[in-house]
Amino acid sequence: MPLSLAHLSESEAAALVQQLLGKAFQQVNRVGGVSLHQTEVRDYRGSDEELQAAALLDTDHHWTEVQDSWIEAFSRSGGLCFFDPIGLRYYLPAYMDWYMRKGKTHESNITGTLLWRLSNAYVHNMTFDQLFTPEQLTAIKTFLAYAAAHSPCDPEQAQAILTAYERTGV
């Protein structure tokens, strides 16, 4: 049976998800992976020199340091579609955290792109159960349960993704 957070208030559910994200993704780093600013360069097929320059713009060392303005800046180009497995593992919790804090009030396609990324449970021929630890997958599923129960942005889609994860064993 799919996970449900409908019995919790929105703030209680968000706190639970944020706690799980913090614990599950605590040790994740992006060393050797695509950075957020590099995703835009990858989107427009920039040069190696442009990729190197873009990487210098990402000054964060932990996903909790990713600035909201960076996530918002890449809502039209770059972003979640252009990460490699290392970059996705690093940035996904930052996007989920942003969604819970700002997704209801920010006018962009970030929420839709996030749910799309989660519905396509693979990246670079790796399935999510290969890419994420069981603890990280639990945090992702709990986030989806939050979105299904408390988000005005496509709750049916979030529930459908969660149900598909449960059905396929992700």
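User: How many aromatic pairs does a search of the whole structure find?

Analyst: Please keep in mind that this is a predicted model. A pair of aromatic rings is described by the distance of the centres and the angle of the planes. When the whole structure is searched for such pairs, the number found is six.

User: What kind of aromatic pair do Phe 25 and Phe 132 form?

Analyst: The ring centres of Phe 25 and Phe 132 lie 6.1 Å apart, and there are 75° between the planes. Since planes over 60 degrees apart fall in one named class, the pair of Phe 25 and Phe 132 is edge-to-face.

User: Where in the chain do Phe 25 and Phe 132 sit, and how many residues apart are they?

Analyst: Phe 25 belongs to the loop between α1 (10-24) and α2 (36-43), whereas Phe 132 belongs to the loop between α7 (128-131) and α8 (134-150). The pair therefore links distant parts of the chain, with a separation of 107 residues.

User: Is Phe 132 buried or exposed?

Analyst: A residue counts as buried when its relative accessible area is under 20%. Phe 132 has 3% relative accessibility, so the class that applies to Phe 132 is buried.

User: Which residues do ring pairs link into a cluster?

Analyst: The pair of Phe 25 and Phe 132, which is edge-to-face, has both its members in this cluster. Ring pairs join them with two further residues, so that the cluster consists of Phe 25, Phe 132, Phe 128 and Tyr 165.

User: Which residues does Ala 139 touch, not counting residues up to four places away in sequence?

Analyst: Ala 139 lies in helix α8, and at 1% relative accessibility Ala 139 counts as buried. Leaving out residues up to four places away in sequence, Ala 139 touches Leu 20, Leu 21, Ala 24 and Phe 25.

User: How are the axes of α5 and α6 arranged, parallel, perpendicular or oblique?

Analyst: Two packed helices are described by the angle between their axes and the distance between the axes. The axes of α5 (residues 85-102) and α6 (residues 110-119) come within 11 Å and cross at roughly 135°. That angle makes the arrangement of α5 to α6 oblique.

User: What classes of residue make up the contact of α5 with α6?

Analyst: On the α5 side the contact includes Leu 88, Leu 92 and Trp 98, and on the α6 side it includes Thr 111, Leu 114 and Arg 117. Counted by class, the residues of this contact are ten nonpolar, one polar and one charged.

Conventions
Residues numbered from 1 in each chain as written. Predicted model: local features only at pLDDT ≥ 70, side-chain atom pairs only at ≥ 80, totals over all residues. Heavy atoms only, no water. Axes fitted to C-alpha atoms, helices over the stretch in contact; angles between N-to-C directions. Helix = DSSP H or I, 4+ residues; strand = E, 2+ residues; numbered from the N terminus. Parallel < 35°, antiparallel > 145°, perpendicular 65-115°, else oblique. Contact = heavy atoms within 4.5 Å. Nonpolar A, V, L, I, M, F, W, Y, C, P; charged D, E, K, R; others polar. Phe/Tyr/Trp six-rings, centres within 6.5 Å; stacked < 30°, edge-to-face > 60°. Buried < 20%, exposed > 50% of the residue type's maximum accessible area, 1.4 Å probe, protein only.
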